[in-house]
Amino acid sequence: MVIENLFLIIVAVSNLILGGLVYFNNRKSLVNRVFGIWAFSLTLWSINSFLFYVFGNSPSASLLLGRLLYATAVIIVVTLLYFTEIFPDSINLKRRYTAIIFAPATLLFIFTIASDLIIEDIAISVFDNKAIFGPLFILYALFIIIYVALSVFILIRKYQYVQNNNIKIHIHLMLIGIATSGFFGITATILLPMFNVFNVDKFGPVSTVFMVGFMAYAIAKYNVMNIKVIATKFLGILLSFVLFINLIFSKTASEFLINIIIFFAGTIISYLLVKSASAEINIRKKLENLTSKLQIANEDLRKLDETKTEFMSLASHQLRTPLTSIKGYSSMIKSGDFGKISSEQKEPLDIIFMSTENMNNLIDDFLNASRIEKKRGFDYNFVVDNPINLIKEIIDNLSIQIKNKGLKFVYENKINKEVKIKFDNRTLLQAISNLIQNAIKYTNNGSITVKISRTNNHLEFSVKDSGIGMTSDDLKMLFKRFFRSDSVKIDHPEGTGLGLYLAERIILDHGGKIWAESKGIGKGSSFFITLPVVKE
Ligand code: ADP
């Protein structure tokens, strides 16, 4: 019995302290105020429970205290429901709604205290006092159960809708606290007593410690820093106060002198501590603010990016259909399917055909980029074979363009033995051509050197040009989607910045590596690809 009563006092004090800390943490916030009131009603409940057992053998006191005990539980559940409604942003509830919550509670509170409809009497016994329930006790029981269940339900809904992960965790904690306390509290003080089991009813108030603990933690987490300042201030004041008392009770003049120095030193140190704690908290708060703003901005950007990808894919699909007919018909006209064409008509037809071909490639790039972003990637058809002929073919085709531009072309093939790699013909061709085409595009004079060699485990392919080169910043961004260096935007406005992005993806999917080097603007560039050799 003594232990149980001691427990009740500890619970009362803990609830009071937790409630007080949250309340004084931010008195202007409705959430904190309601929490304070709620924790205070829990304290009253524990004290009441304690008094009920201490003064329980006096008939008049026991009936009043017993009724008060049950009435306080009404305040607890109604403030709890109100709290869950307004948490976390101190939402202002409509008056009508507040009235709907509070009206039945007020009635029930009055009936519990001032009538014998709920608690008819208290049967005093040496071991344990028992409440004799009135005819309407069942309504009381329903009220308590419904209010607690509603609170849990509201929190679950909030948990589902709330976006902020921090608040989600807080609500989760509260739910655990309320569900645990609600279950134990209702079982110990309502359900079991209804079946005449009274000896566990003290667990009701004791179980509230879960609830208050979890909830205080949840609220304080929001504003943990402020609580730190309050605690520092509190300790500071306490320290000065103790030192002051010490000073007053000094017995000799020299002791007084020493104590006065200690008092001032202690007070100054406390002051400095509080100051530095506040400064730290202010900085952290600003940081938190910035972080949450950044999170929101990031999320917006992500959504924007998704919309852009969607648009890219849609537009490309739409463009493709007319392009296919233009290409098909121009090819048929060229080959004389609609009658003989004159020599003047041939050149424009060739240009139409080439342009549609270019545009088709461009659309392919867009579609592939949007596929990658939608995590669908390329459709590969991997084979294990010798790629040298394929590479040679690309080089042969493009070497004409290199020479047409008046550039010197050097080709070095250092592979003299059969070499096999696992590759997809179409995409590997695309990646390699892109490097050579870029070298042609971004080199105005000088040379382009294409090399193929192998190490023990890898096939290495490189394209070196004497062109416009790149800055070290360009090199860092090179393989990012849509990246184009400032130096090319004016002279070569036609690029998309997708070629290298796709090439990197393709090479990575082949288990290889791709990278670039350049000594700076005007100093040429080199691109390298390595692919793993398949050993037999
Ligand atoms: P695009 O060539 O269509 O702009 P890419 O993805 O192929 O797209 O290339 C991205 C950017 O990388 C180019 O815009 C250019 O700034 C830079 N770049 C690529 N290859 C070279 C090169 N050989 N020399 C200099 N810059 C290059």
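Biologist: Serine 29 has 14% relative accessibility; how does it count, as buried or exposed?

Modeller: The general idea is a scale with two cut-offs: buried means under 20% relative accessible area, exposed means over 50%, and partly exposed is what falls in between, with a 1.4 Å probe and protein chains only. Serine 29, at 14%, therefore counts as buried. Before we go on, a word on the model: it is predicted, local features need pLDDT of at least 70, side-chain atom pairs count only at pLDDT 80 or more, and totals for chains, interfaces and linings use all residues. Residues are numbered from 1 along each chain as its sequence is written, and side-chain values use heavy atoms, with hydrogens and water left out.

Biologist: Where does serine 29 lie, and which side chain does it contact?

Modeller: Helices and strands here are DSSP runs (H or I of at least four residues for helices, E of at least two for strands), numbered from the N terminus. Serine 29 sits in the loop between helix H1 (2-25) and helix H2 (30-54). A polar contact is a pair of N or O atoms within 3.5 Å; within protein, one must be able to donate a hydrogen and the other to accept it, and residues adjacent in sequence count only if both atoms are side-chain atoms. For serine 29, the partner is the side chain of asparagine 32, at 3.0 Å.

Biologist: Which residues come nearest to the ligand?

Modeller: A residue is near a molecule if one of its heavy atoms lies within 4 Å of it. There are 22 residues around the ligand, and Asn438, Tyr442, Arg484, Ser485 and Leu500 come nearest. By class, the shell has 10 nonpolar, 9 polar and 3 charged residues. Here Ala, Val, Leu, Ile, Met, Phe, Trp, Tyr, Cys and Pro are nonpolar, Asp, Glu, Lys and Arg are charged, and the others, Gly among them, are polar.

Biologist: Which elements supply at least two residues of that shell?

Modeller: Helix H12 (425-441), helix H15 (499-509) and strand S9 (525-532) each do. H12 gives the largest share, 4 residues.

Biologist: How close do polar side-chain atoms come to the ligand?

Modeller: A ligand oxygen is 2.5 Å from a side-chain N or O atom of arginine 484, and a ligand oxygen is 3.2 Å from one in lysine 441. A ligand nitrogen has a polar side-chain atom of aspartate 465 at 2.9 Å. The protein covers 98% of the 530 Å² of accessible area that the ligand has on its own. Such areas come from the Shrake-Rupley method with a 1.4 Å probe; for residues, only the protein chains shown count as cover.

Biologist: And how do I read charged pairs?

Modeller: Side chains of opposite charge can pair when their charged atoms come close. A salt bridge is a side-chain nitrogen of Lys or Arg within 4 Å of a carboxyl oxygen of Asp or Glu. The structure holds 17 of them. In one, glutamate 299 meets lysine 303 at 4.0 Å, N to O; both lie in helix H9, 4 residues apart, about one turn of the helix. In another, arginine 302 pairs with glutamate 306 at 2.7 Å, and these two are also separated by about one turn of H9 because they are 4 residues apart.

Biologist: Which salt bridge joins side chains of two helices?

Modeller: Aspartate 350 and lysine 334 meet at 3.1 Å, N to O. Aspartate 350 lies in helix H10 (residues 343-373) and lysine 334 in helix H9, so the pair ties together parts 16 residues apart in sequence.
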